[in-house]
Amino acid sequence: MPNTVSFITAHFDKYNTDDLASCLAIGGFGGLKRALGLTPAELIQIIADSGIQGRGGAAYSTGIKWRQAAEVPGEDKVVICNADEGEPCTFKDRTLMEKDPFRLLEGMAIAGYAVGAKHGYIYLREEYRHLRPKLQKAIDQARTNQWLGSHIQGTNFSFDITLYSGAGAYVCGEGSTLIESMEGKSGRPRIKPPFIKECGLFQKPTLVNNVETLSAAAAILDFGAEAFKAYGTEKSPGTKLISLAGNVRRPGAYEIPFGMTLETIIETIGGGLEEGRTLRLVQLGGASGRIAPASLLDTPYTYEDLAKAGLDVGSGGILVVDDRTSVIEFLESIQDFFIHESCGKCTPCREGNRQIGRIIARFADGAPRPDDLETAKRFATIMSNCSFCGLGETAQSALLSAIRHFPEAFELGAFGEGDEAGLKANANVKASAAGVAVGETIGKHSFKGERGERA
Amino acid sequence: MNAYVTNTSNTHQGSDSLYKPAHTTILTPELMVQIDSILERFAKDPTRLVGMLLDIQDITPKQYLPKEIGVYVGEKLDLPLSRVYDVISFYEALSDVPRADIVIQFCDSVVCKVVGSRRLKEALEGILDIKTGETTKDGKYHLEAAPCFGACDISPAIRVNGVVYGPLKTEEDVRDALARYEKGGGARA
């Protein structure tokens with residue numbers, strides 16, 4: 001594939017993922033081998049030098065995060081790998097676990113060594129249950145061969161990994177919510193402080209990192225921070241896995257160096273749009289990400305350039321939407337998602353999402369009230385400022401950026417041809433959804449009363 | 001032990017309107033043995049409740065978690081029923097209502113929508129002759145909408161008992177995917 005690189009993905013398709021020996025034969029666990037010869041402080045310095053930022057979405061410096069975790073007092077710390085990749089249009093962590101599971105285990109052990117943790121946990125989303133046997137097998141093989149377990153490779157460092165399952169809740173991607181779920185509870189975020197780095201899973205000091213961050217850390221130890229920094233820009237060093245999907249010819253997970261423009265990504269890597277289609281919008285970073293019109297496609301894909309354009313790397317998702325979907329239809333779908341995924345703990349997120357959902361539905365029907373746009377903006381601002389966790393804070397990113405870039409979509413009488421077709425289809429969907437909702441209420445006595453609403 | 005079996009009909013009577021009267025007992029002695037082995041596999045560690053319930057749901061007929069199983073698991077783990085039900089009712093992947101032998105989920109999140117999941121939903125409802133959220137009369141298939149399951153590279157996609165198929169652009173593709181699932185022996189993912 002032109003323009004893609006392989007640093008984090010260097011071992012993809014090079015070995016049999018069911019066989020540790022074949023991984024070791026191509027230099028597997030080279031990063032951990034090197035790490036064990038360093039002091040934790042030296043190791044953290046290499047990660048800090050690489051300039052890598054957390055790949056889960058928050059983009060916090062991994063070097064600083066590890067240093068803080070190492071400085072927290074406590075004998076019994078834990079490392080959690082957040083494999084609850086729930087953002088729509090994000091599947092690069094799945095690809096990493098499918099094609100190089102040992103890289104992840106290696107990265108977790110390296111993180112454990114750096115911060116002084118003995119236990120690691122992978123919180124794997126239910127949707128990736130097919131990866132459970134593969135990961136468990138990899139863990140078992142690594143333990144048998146002393147790459148995990150007590151006295152790894154004859155050193156004084158011991159570290160083991162346990163696999164936990166999620167059960168289909170997007171909110172569990174949030175650190176403290178993930179921990180609640182791992183303690184056998186429903187997924188609702190915790191109040192902070194105490195911060196999870198001091199008091200997290202089972203009240204122990206906890207480091208939570210994304211699959212890609214941990215895999216990248218292992219690769220950085222393996223190939224060196226300089227090799228990583230050879231890619232990318234000064235402020236966004238290295239490479240990034242993107243999940244490119246939607247209306248492009250070649251959707252998929254690709255590793256790219258930072259600095260490529262969005263247009264190059266879509267045209268060269270994604271193969272462009274279908275014949276005769278024009279671009280409506282691009283959404284970066286999953287459902288909680290902002291959207292961009294075609295005029296911003298010359299923006300380079302780096303943390304700093306995207307920020308200047310009012311965008312964000314986020315989860316690394318790049319969703320391409322062509323002219324068959326109207327802006328309002330798109331927002332309606334995003335809003336359905338957040339109404340469904342809000343955990344209900346805090347009022348701004350629970351009620352805000354529902355009310356904004358109603359407003360967007362009125363726009364979709366072509367019958368908004370005069371003050372609807374202002375009300376939506378006001379509610380969205382309240383949600384961003386007052387929600388309990390990141391879900392509510394970011395749920396309205398798409399709406400607010402749509403109002404900024406596509407003001408015409410919210411003007412009455414400005415509905416184009418595509419939008420009219422969308423309106424009719426929407427009316428049909430709503431009719432059937434109402435039918436289902438009634439059926440569920442009468443027939444099933446479900447606790448999950450909301451289910452019918454989004455069918 | 002027997003209390004769980006014999007008393008189930010009583011549990012479902014009276015003012016307890018949250019549950020349908022059980023005409024058959026789900027929690028048979030055989031199922032209990034299987035559940036026990038799952039609990040053992042998780043070392044009866046209550047922090048792993050979510051994973052345990054997922055596995056128990058897999059082996060329960062109609063792929064759901066009725067109250068009697070909630071009670072049973074709660075007593076085995078020394079957890080109050082309210083705690084077990086908090087988990088069952090919270091998570092999308094756990095169902096407190098009967099589903100079917102084969103659960104079909106189509107992705108209704110934004111990525112699948114922009115590439116045409118509406119046609120997929122219509123095709124599935126047509127083939128199965130049910131609406132989303134319903135179960136076929138023979139109890140074999142249950143159709144539900146699901147948020148993104150991370151198969152956006154092969155969207156629009158469906159999951160059949162956890163096995164992902166995509167991209168499914170036509171009704172023919174959908175029929176083919178269901179046939180492939182059956183041919184594979186109906187194994188779970």
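Of the 189 residues in chain B, 42% are buried, a residue being called buried if 20 or more other C-beta atoms lie within 10 Å of its own, exposed if 12 or fewer, and partly exposed in between, with C-beta atoms placed from the backbone. The model is predicted, and local features need pLDDT of at least 70, side-chain atom pairs count only at pLDDT 80 or more, and totals for chains, interfaces and linings use all residues. Residues are numbered from 1 along each chain as its sequence is written, while chains are lettered from A and ligands numbered from 1 in the order in which they are written.

The secondary structure of chain B consists of nine helices and four strands; helices (H or I, at least four residues) and strands (E, at least two) are DSSP runs, numbered from the N terminus. Along the sequence of chain B the pattern reads α-α-α-α-α-α-β-α-α-β-β-β-α. Two residues are taken to be in contact if their C-beta atoms, placed from the backbone, lie within 7 Å. Among the contacts in chain B with a separation of 6 or more, 56% are between residues 24 or more positions apart.

The four strands of chain B form an open sheet of mixed pairing, in the order 2-1-3-4, where pairing requires at least two DSSP bridges between two strands. Strand 2 (141-146) and strand 4 (163-165) of chain B are the edge strands, each pairing on one side only. From one strand to the next, the twist averages 25 degrees. Strand 1 (residues 102-107) and strand 3 (residues 158-160) of chain B are antiparallel and share three bridges, with I104(B) having V160(B) in strand 3 as its bridge partner. Helix 8 (residues 117-128) of chain B packs on this sheet and touches strand 1, strand 2 and strand 3, its direction making about 155 degrees with that of strand 1; axes are lines fitted to C-alpha atoms, for helices over the stretch in contact, and angles run from 0 to 180 degrees between N-to-C directions.

Contacts between the chains involve 42 residues of chain B and 58 residues of chain A. On the chain B side, the elements giving two or more residues are helix 4 (49-59), helix 6 (81-90) and helix 7 (110-114). This side of chain B divides into 23 nonpolar, nine polar and ten charged residues; Ala, Val, Leu, Ile, Met, Phe, Trp, Tyr, Cys and Pro count as nonpolar, Asp, Glu, Lys and Arg as charged, and the others, Gly among them, as polar.

In chain A, helix 3 (residues 40-50) has L43(A), I44(A), I46(A), I47(A) and S50(A) buried. These residues lie on the same side of helix 3 because they cover an arc of only 150 degrees around the axis, the arc being that of the directions from the helix axis to the C-beta atoms. A41(A) and E42(A), on the other side of helix 3, are exposed. The cover over the buried residues of helix 3 of chain A includes helix 2 (30-36), helix 4 (62-71), helix 6 (101-115), helix 9 (211-223) and helix 10 (225-229). G51(A), with a positive phi near 75 degrees, follows helix 3 of chain A.

Strand 4 (residues 206-210) of chain A is mostly covered, with five of its five residues buried. T206(A), V208(A) and N210(A) point one way from this strand, and L207(A) and N209(A) point the other way. Strand 4 of chain A pairs in the parallel sense with strand 1 (residues 77-83) over five bridges, and V208(A) stands opposite I80(A).
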